[in-house]
Amino acid sequence: PSQPASSAVKLQQLLDGRVLARYRPGRTGDHALEVTLTGKPLSGSPFKLKVTPGAPSADKSCLVYACPTQLTVAESMEFRLQPCDVCGNKCVDGSPSDWLVDCRVQPRASSSGVKQADVQMRNAPGGSHIVSIDCRVSGKYTLSVTDHRNRHCSGSPLHMQFTAGPA
C-alpha cells in the first residue's frame, strides 16, 4: 500500500553517528519504503518490503457465530474464531493452542458423572479456528475464548441457554 508514513517513523541518533529509523506499518501486503536524506533518496531506495500479520491480539480478534442463543441439549454448534493482529490484520498462521476455551454451565449438574459439555477447537482455512460445542445437560452456558493473558476476544464471553429437547 502506498501512503506516507512520516508521522509513524521514529528516529534515534546512535552514538556512532548513524541514525536508526523505526516504522510500524499498519497493513499487511507489499510495501515500498522510500528513504530520503536532505531530500535525496538513499542508495537502494525505495526498499521493497513484504509485511505479514503480527501475533494474534485478543483485542482485535473476534468470535463469529450465526446461531441462536437458545438451543437444545445434544445440539452441536460451531463458532469461528478469527485471530487478528494488533492492527486488525487477519492472522494467517497460528494454532488453537494460542487460545484458551472454557465452557461453564449454571447451575452445575449434579455429580452424576455426566460430562456437561464437549468443547473442541480445530484449524480452519485462512488462519481462523472452529470452536465446536456439544452440550449434554440443560442450563445457562457461558463460552469464553481468551488469550494466555486472560483477555477475551470480541464476542466473548457468550451466554447461551440450553434446554431439554422433546422427549
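In this predicted model, Phe-162 is in contact with Leu-71, Thr-72, Val-73, Glu-75, Met-77, Cys-135, Val-137, Ser-138, Gly-139 and Tyr-141, when its neighbours within four places in sequence are left aside. Phe-162 also belongs to the largest nonpolar core, which has 23 residues. Together with Phe-79, Tyr-141, Leu-143 and Met-160, Phe-162 is among the residues with the most contacts inside this core. Two or more core residues are given by each of the elements β9 (76-82), β10 (100-106), β11 (117-123), β12 (129-135), β13 (139-146) and β14 (158-163).

With β12, the pairing is antiparallel and runs over 6 bridges; within it, Ser-76 has Asp-134 of β12 as its bridge partner. With strand β7 (residues 62-64), β9 likewise pairs in the antiparallel sense, over 3 bridges. Leu-63 stands opposite Leu-81 of β9.

Nonpolar residues are also found on the surface. Leu-37, Leu-42, Phe-47 and Leu-49 form a nonpolar patch there, and their accessible area together is about 330 Å². One member of this patch, Leu-37, is located in strand β4 (residues 36-37). Leu-37 has a relative accessible area of 54% and is therefore classed as exposed, since the cut-off for exposed residues is over 50%.

Conventions:
Residues numbered from 1 in each chain as written. Predicted model: local features only at pLDDT ≥ 70, side-chain atom pairs only at ≥ 80, totals over all residues. Heavy atoms only, no water. Core = buried A, V, L, I, M, F, W, Y, C linked by side-chain atoms within 4.5 Å. Buried < 20%, exposed > 50% of the residue type's maximum accessible area, 1.4 Å probe, protein only. Helix = DSSP H or I, 4+ residues; strand = E, 2+ residues; numbered from the N terminus. Contact = heavy atoms within 4.5 Å. Pairing = 2+ DSSP bridges. Patch = residues over 30% accessible without salt bridge, like charges linked within 9 Å, V, L, I, M, F, W, Y side chains within 5 Å. Areas by Shrake-Rupley, 256 points an atom, 1.4 Å probe, with all protein chains shown as cover. Salt bridge = Lys/Arg side-chain N within 4 Å of Asp/Glu carboxyl O.
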